[in-house]
Amino acid sequence: MDDHALNILLVDDDEVDVMTVQRAFAKANIANKVFVACDGIEALNLLRTDGVPASRRLVLLDLNMPRMNGIEFLREIRQDPELQTLTVVVLTTSNEDRDRVDAYQLNVAGYLLKPVTFHAFADVMATLNKYWTLMEMT
């Protein structure tokens, strides 16, 4: 694994969406390591126990999940001194203004709607890859 690779935590309870993200990464030749959590509680556990390496982390976060949804997860990490600076991009089906406002108030780096078609989804993932490569995330 090279020094510039990201450790991506995908937080999503929909297995089909998880597989779609993984397929889109493969199509876009994104070779970063992807860790998966099915809700906010599992994601917090992975982050706090080094289940996801501590360096160069990016979280792709769905909002609509059981047990602890994405907004609750964001509130929790923003209050945690060890996790508060995590880069989080929301990747969701929710086009609700309230969700968008809440997410940005909780300092997300972006809010992306999940595209309906695989081709569009792959394009979004490729664009996101270009963005984090240009930003040289640390």
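1. The protein holds 5 helices and 5 strands, where helices (H or I, at least four residues) and strands (E, at least two) are DSSP runs numbered from the N terminus. Read along the sequence, these elements follow the pattern β-α-β-α-β-α-β-α-β-α. The radius of gyration, taken over C-alpha atoms, is 14 Å, close to the 14 Å that the globule rule gives for 138 residues, so the protein is as compact as a globular protein of that length; the rule itself is 2.2 Å times the number of residues to the power 0.38.

2. Please keep in mind that this is a predicted model, in which local features need pLDDT of at least 70 and side-chain atom pairs count only at pLDDT 80 or more, while totals for chains, interfaces and linings use all residues. Residues are numbered from 1 along each chain as its sequence is written, and side-chain values use heavy atoms, with hydrogens and water left out.

3. Of the 138 residues, 48% count as buried, a word that here stands for under 20% relative accessible area, with exposed over 50% and partly exposed in between (1.4 Å probe, protein chains only). Among contacts (heavy atoms within 4.5 Å) between residues at least 6 apart in sequence, 69% join residues at least 24 apart.

4. Strand β1 (residues 7-11) pairs with strand β2 (residues 33-37) in the parallel sense over 5 bridges, pairing being assigned if DSSP finds at least two bridges between two strands. Together with helix α1 (residues 15-27), β1 and β2 make a right-handed β-α-β unit; right-handed applies if, with the strands pointing away from the viewer, the path from the first strand over the helix to the second runs clockwise.

5. In helix α2 (residues 40-48), the residues G40, A43, L44, L46 and L47 are buried. Seen down the axis of α2, its buried residues fall within an arc of 160°, so they line one face of the helix; the arc is that of the directions from the helix axis to the C-beta atoms. These buried residues pack against β1, β2, β3 (57-61) and α3 (70-79).

6. At the start of α2, a side-chain oxygen of D39 reaches to within 3.0 Å of the backbone nitrogen of I41, and just after α2, D50 takes a positive phi of about 60°.

7. D102 lies in helix α4 (residues 97-105) and is buried, with a relative accessible area of 13%. Leaving aside neighbours within four places in sequence, D102 is in contact with I71 and R75.

Key: A polar contact is a pair of N or O atoms within 3.5 Å; within protein, one must be able to donate a hydrogen and the other to accept it, and residues adjacent in sequence count only if both atoms are side-chain atoms.
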